[in-house]
Amino acid sequence: MTWVKVCGMRTVADVEAAAEAGADALGLNLIPGTPRYLEVEDAARLASLSRVPSVILTLDARPHELVELLERVGAAGVQPYGDHAPDAARASAAAGAFVLRPHRVRGPVDLGTIPTGQTGLLDGYSAEGLGGTGRQVAPEWLPPPGSRYVLAGGLNPSNVADAVSRHRPWGVDASSGLESAHGVKDPARIRSFVRNAKRVEEDR
């Protein structure tokens with residue numbers, strides 16, 4: 001069954017909605033200056049209240065800093081961007097964390113560039129931000145159906161079932177497509193997204 005991450009959690013209600021919907025992971029954004037930014041203390045609180053594993057998003061964190069953040073937040077996974085991301089990802093994997101390696105897609109994707117034990121997160125490229133911008137990945141640039149990667153970028157409740165059926169990614173991830181306003185999650189959209197992402201294989 002398709003793995004589903006709901007990203008950009010900011011409130012207890014967000015966390016509860018994702019857990020009740022059956023999400024497999026939550027994204028907690030620790031990148032200052034972004035709409036869904038959380039202080040470390042707030043992220044740790046949400047992680048502690050969640051029944052679902054948390055993944056922290058970071059920018060320019062050095063290896064030891066990312067491992068420390070994992071422990072402070074109580075997260076199960078990392079999604080590192082920017083400088084030091086390859087080394088920070090390796091250090092986190094060595095510490096036992098689940099690693100999502102973001103790839104802002106601007107051309108055909110070669111999953112062979114992603115280290116063993118890490119999972120590629122393929123997101124639509126936008127000069128406006130690192131992610132959560134709603135830009136889709138061109139279908140012709142995606143790996144063959146059934147490849148192990150997480151598809152992100154422009155996914156929402158109305159299109160995720162088709163994306164899963166067509167591309168058969170290992171997982172899907174969404175943030176802006178689950179919001180009623182910029183940075184504000186909609187519980188109904190979260191429920192629909194998770195249900196529609198997971199029902200594809202049930203219907204086969």
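Which residue in E7 stands opposite Gly 120? Tyr 149 does. To see where this pair sits, start with the ground rules. This is a predicted model, in which local features need pLDDT of at least 70 and side-chain atom pairs count only at pLDDT 80 or more, while totals for chains, interfaces and linings use all residues. Residues are numbered from 1 along each chain as its sequence is written, and side-chain values use heavy atoms, leaving out hydrogens and water.

Now the barrel. Eight strands form a closed barrel in the order E1-E2-E3-E4-E5-E6-E7-E8, with parallel pairing. On average, neighbouring strands are turned by 25° against each other, direction ignored. Strands (E, at least two residues) and helices (H or I, at least four) are DSSP runs, numbered from the N terminus. Two strands pair if DSSP finds at least two bridges between them. E6 (residues 119-124) and E7 (residues 149-151) run parallel and are joined by three bridges.

Next, the helices. H3 (residues 63-73) lies across E2, E3 and E4, at about 140° to E3. Contact means heavy atoms within 4.5 Å. Angles run from 0 to 180 degrees between N-to-C directions, with axes fitted to C-alpha atoms, for helices over the stretch in contact.

In H5 (residues 160-167), the buried residues are Val 160, Ala 161, Ala 163, Val 164 and His 167. They lie on the same side of H5 because they cover an arc of only 165° around the axis, taken from the directions from the helix axis to the C-beta atoms. Buried means under 20% relative accessible area, exposed over 50%, and partly exposed in between (1.4 Å probe, protein chains only). Arg 168 follows H5, with a positive phi near 45°.
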